[in-house]
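Let's take a walk through this structure together. Have the sequence and the 3D view ready, and follow along one piece at a time.

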Amino acid sequence: MTFSHINIPILILSVLAWITMGVLFFQIYKRQIEKPKVWKAILVVIIGIFSFSINWPMLNQVIKIPILPLGVWLLYFIYRKSVDKWLVYRKYAWLGFFSGYLFLATSLLSLPVNHLFYPKDQLETYLANMENAHMIILHPSGVESSLNKEKLEQSIGQMEPSTIYSDEWYSETYMDPDEKNKSERFPYQLVGVNPKIGSGMVSTVYVERDGKGLLISTPNGQQYFRSKMPFLEGLKEEKRDE
Amino acid sequence: MNRKQTIYFMSSLFLIVALATVYWFYFSAPKAFPSEQQLISKMNALFAEAEVSEILDELFLDESHAYVPFKTDKGAYGSSYWVWKNRKWQVSTIEGSGQPILWTPNERKPSKQFLVWNIDPNDEVDSIDFYLIKKRNYFVSDGIHTYEPQVQMKHAVILKEKNYGILQIPNDWVKFIDSSYHVQKQKTQTSIFGDFFQQPNHYIGWRPYDRNGKDAFPEGSVNGNGYVNFHQKFDHVMFVNENELE
């Protein structure tokens, strides 16, 4: 995993969550009259994190909800014979369990933040930098055509999210009487493009054969954009090489 | 030096030596490849059934992976896969037949893949078309549509005098594979079945032709026994039928 695949909002929120943990840890420590050993307290927090939790799929993300504080129970069992020590470390154990909710909040918060900075229905999220953009042919029905980067850059702001008619696109291919030379609706891929900085977005960008549409496959489903003018050149000869 | 300082000094010295040793052991540059005679005896010692009699060539994928096609006593053509591992050139797998195999030497670089083959000359294969294929597909769930375009990319290889060879998969294939790998990987990380990595559903296939450009049936290249010494990532390269092509 390279740096470009890191989602900055999630990174920042996670760092904030860790800082919150540190502050809470320090607060507990400061107020205690009988101080614990710091390294032991940290270990107790880490064990306290251990919990039984429910994984809840929500908006293409898995939300982890801690339910049973297994780590806290384990620590309670370990310290069952020395009650005064347990009183010293108890709060740290619960801090560990509580951190599960802190990270739950992080994931919940990252959704609107990401939506704000990286809206799914905007092409710029996926195609922010096109310096090294070029096309490759994925299917024999694609013709040697060249990408007009300027036109694509111009149309990016104007391209509109459109409806994916997956079943129709699929079946129209097979209606073609020419069994051996089927036409693919998206015979090209746009490569060498970078997503918006910090989005961590990865995608496969398919280009439609009329040079006006982009179908973008992401880990969270697909987006389809249409332009009014084509951004491919040399499409006129709709002929097959083979 | 007092005692404490001595302990610190000795333990840091020990740590440096240990790290240097580990580094040397795992990361030092490979040394010369074994001689043909050594290759043959190593293989026959590990897998007597192979009966390797002649080394045809040594083809390097990178500095620590080599493909060695060979001939056997019985006149069969086979493949062996050599890896620089633990300061030694070791054979990972010996195959008694030479049908094309897709070799991914470093699983962390899933798109750096090589096709290797050693076709029996009696099969009269003159050329091979390799294909990267992904089947067209669509899904609709809860009104959300997904359309997977058909991918079919071709790379032709002419065998000429040499019936064996290696080919790093073409750049355009790498680009497609890379992007779909990353999408698939992140999809897995955010799915509820988190640990289960679904392999991307493309595959690499081959179609052999004879001198007249007709389909060849390379029977001699597909039947053989193999021996696995240690794991490397190999993928079967499927036959592509004409009716699968668009």
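This is a predicted model: local features need pLDDT of at least 70, side-chain atom pairs count only at pLDDT 80 or more; totals for chains, interfaces and linings use all residues.

One term first: a residue counts as buried here if 20 or more other C-beta atoms lie within 10 Å of its own, with C-beta atoms placed from the backbone.

What does the rest of chain A look like? Its secondary structure comes to 6 helices and 10 strands. The C-alpha atoms fill a box of roughly 85 × 35 × 25 Å along the principal axes. Chain A has a radius of gyration of 27 Å, while a compact globule of 242 residues would come out near 18 Å. As for how the chain folds back on itself, take the contacts between residues at least 6 apart in sequence: in chain A, 66% of them join residues at least 24 apart.

Now zoom in on strand 8 of chain A. On one side, strand 8 pairs with strand 7 of chain A; the two run antiparallel and are joined by 4 bridges. They form a hairpin with 5 residues between them, and in that turn A:Gly211 has a positive phi of about 70 degrees. Strand 8 of chain A also pairs with strand 9 of chain A, again in the antiparallel sense, over 6 bridges. That hairpin connects the two strands through 2 residues.

Next, chain B. This chain has 4 helices and 16 strands. Its radius of gyration is 23 Å, well over the 18 Å that the globule rule gives for 246 residues, so chain B is more spread out than a compact globule. Along the principal axes, the C-alpha trace of chain B spans about 85 × 60 × 25 Å. Buried residues account for 32% of its 246 residues. Among contacts in chain B with a separation of 6 or more, 59% are between residues 24 or more positions apart.

Chain B is divided into domain 1 (1-28) and domain 2 (31-244). How far apart are the centres of these two domains? Taken over C-alpha atoms, 43 Å separate them.

Helix 1 of chain B covers residues 3-27.

Finally, look at where the chains meet. Here 33 residues of chain A are in contact with 27 residues of chain B. Several elements of chain A give two or more residues to this side, including strand 1 (52-58), strand 2 (61-68) and helix 6 (166-175). Helix 6 of chain A gives the most, with 5 residues. By class, the side of chain A that touches chain B has 15 nonpolar, 14 polar and 4 charged residues.

Technical notes: Residues are numbered from 1 along each chain as its sequence is written. Chains are lettered from A and ligands numbered from 1 in the order in which they are written. Two residues are in contact if their C-beta atoms, placed from the backbone, lie within 7 Å. Ala, Val, Leu, Ile, Met, Phe, Trp, Tyr, Cys and Pro count as nonpolar, Asp, Glu, Lys and Arg as charged, and the others, Gly among them, as polar. The expected span of a helix is 1.5 Å times one less than its number of residues. Domain bounds come from an automatic or database domain assignment. Two strands pair if DSSP finds at least two bridges between them. The radius of gyration is taken over C-alpha atoms; the globule rule is 2.2 Å times the number of residues to the power 0.38. A residue is buried if 20 or more other C-beta atoms lie within 10 Å of its own, exposed if 12 or fewer, and partly exposed in between; C-beta atoms are placed from the backbone.
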